[in-house]
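User: Hi! I have a model on my screen and would like to talk it through with you. Here it is.

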Amino acid sequence: MLASGPSDDSAAAAVGLITDGDDTEYRELIQGFVDWSLRNNLQINAGKTKELVVDFRRRNNPPPAPVNILGTDVDVVESYKYLGVHLNNNLDWTHNTDALVKKGNSRLFLLRRLRSFGVQGPLLRTFYDSVVGSAIFFGIVCWSSSITDRDRKRMDRLVRRASSVLGCPLDSVEVVGNGRMMAKLSSMLNNTSHPLQDTLTALGSSFSERLLHPRCVKERYRRSFLPAAVRLHNKQNNR
């Protein structure tokens, strides 16, 4: 994946596949992106552009040569923050969880301070929803079904601490994640212009409102958003 920062501070990403060591398609994709940017008067800042290489092959293979943009070699990184979500070259959400826990703890400090000043009830809950909860659950549709049990427990501890400050029960990470995944899937099903509309249409069943489960060869894919959301959708329709 190549994440780029053009001169106007907008963000863009290009994702390409290298097959059997042949990176021709990937480099042509990058060059096409560079050419498109230049045609549309968007100057890519190569110094802010990073390359994230994801390689799950079991053999030790030499890394590909760095991408060169307008005479500048792009830095290869192990993790990258893109649109507020931390991605790493293992696709395991560890870096993202670390960032969310750190931010959640800092926001919890503010919640405790407000309570110490006598703020109670609906106003304190509003602060939690808008400031604390929004930080803890940021991007949860992406990572909810894929994080490790250890990371999920870390996130749930944050929620329990917030619950003790508020003096009322709060939904766990799993409950919030499942709810938002279902809402996202529903919006995708109802949006005929969504990029995944053809994929979802192909999963539709002619006999019921259930969706056919996507074929998952790898556990990594089985735990990703679409298969996990389909399982939740079918479970809800079985009730």
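User: Where does Tyr-221 sit?
Analyst: Tyr-221 is in helix H8. Helices here are DSSP runs of H or I with at least four residues, strands are runs of E with at least two, and both are numbered from the N terminus. This is a predicted model, where local features need pLDDT of at least 70, side-chain atom pairs count only at pLDDT 80 or more, and totals for chains, interfaces and linings use all residues. Residues are numbered from 1 along each chain as its sequence is written, and side-chain values use heavy atoms, with hydrogens and water left out.

User: Is Tyr-221 buried or exposed, or in between?
Analyst: Tyr-221 counts as partly exposed, with a relative accessibility of 33%. Buried means under 20% relative accessible area, exposed means over 50%, and partly exposed is in between (1.4 Å probe, protein chains only).

User: How many salt bridges does the structure hold?
Analyst: Seven. One of them joins Lys-50 and Asp-75, whose closest N and O atoms are 3.2 Å apart. Lys-50 is in strand E3 (residues 44-52) and Asp-75 is in strand E6 (residues 75-77), so this pair ties together parts that are 25 residues apart in sequence. Asp-75 is partly exposed, at 43% relative accessible area.

User: And what does Asp-129 pair with?
Analyst: Asp-129 forms a salt bridge with Arg-125, with 3.1 Å between the closest N and O atoms. The two are four residues apart in helix H3 (residues 121-136), about one helical turn. Asp-129 is partly exposed at 43% relative accessibility, and Arg-125 is partly exposed at 33%.

User: Let's switch to surface charge. Which residues gather in the positive patch?
Analyst: They are Arg-112, Arg-115, Lys-153, Arg-157, Arg-160 and Arg-161. Patches are made of residues with over 30% relative accessible area and no salt bridge, with like charges joined within 9 Å and nonpolar side chains (Val, Leu, Ile, Met, Phe, Trp, Tyr) within 5 Å. Helix H2 (94-116) and helix H5 (149-166) each give two or more residues to the positive patch. H5 supplies the largest share, four residues. Arg-115 belongs to H2 and is partly exposed at 36% relative accessibility.

User: What about the negative patch?
Analyst: Asp-20, Asp-22, Glu-25 and Glu-28 gather there on the surface. Lys and Arg count as positive and Asp and Glu as negative, leaving out His and the chain ends. Each charge is placed at NZ of Lys, CZ of Arg, CG of Asp or CD of Glu. Asp-20 lies in the loop between strand E2 (12-14) and helix H1 (24-39) and counts as exposed at 77% relative accessibility.

User: Which residues form the nonpolar patch?
Analyst: Val-54, Phe-56 and Leu-91, with about 240 Å² of accessible area together. Areas come from the Shrake-Rupley method with a 1.4 Å probe, and for residues only the protein chains shown count as cover. Phe-56 is in the loop between E3 and strand E4 (68-69), and is partly exposed at 38% relative accessibility.

User: Last one: what does UniProt place at residues 127-147?
Analyst: The unreviewed UniProt entry has the annotation "transmembrane region" there. UniProt positions follow the numbering used here, feature names are shortened, and annotations may be inferred rather than shown by experiment. In the model, residues 127-147 are 67% helix and 0% strand, with the end C-alpha atoms 26 Å apart.

Definitions and conventions
A salt bridge is a side-chain nitrogen of Lys or Arg within 4 Å of a carboxyl oxygen of Asp or Glu.
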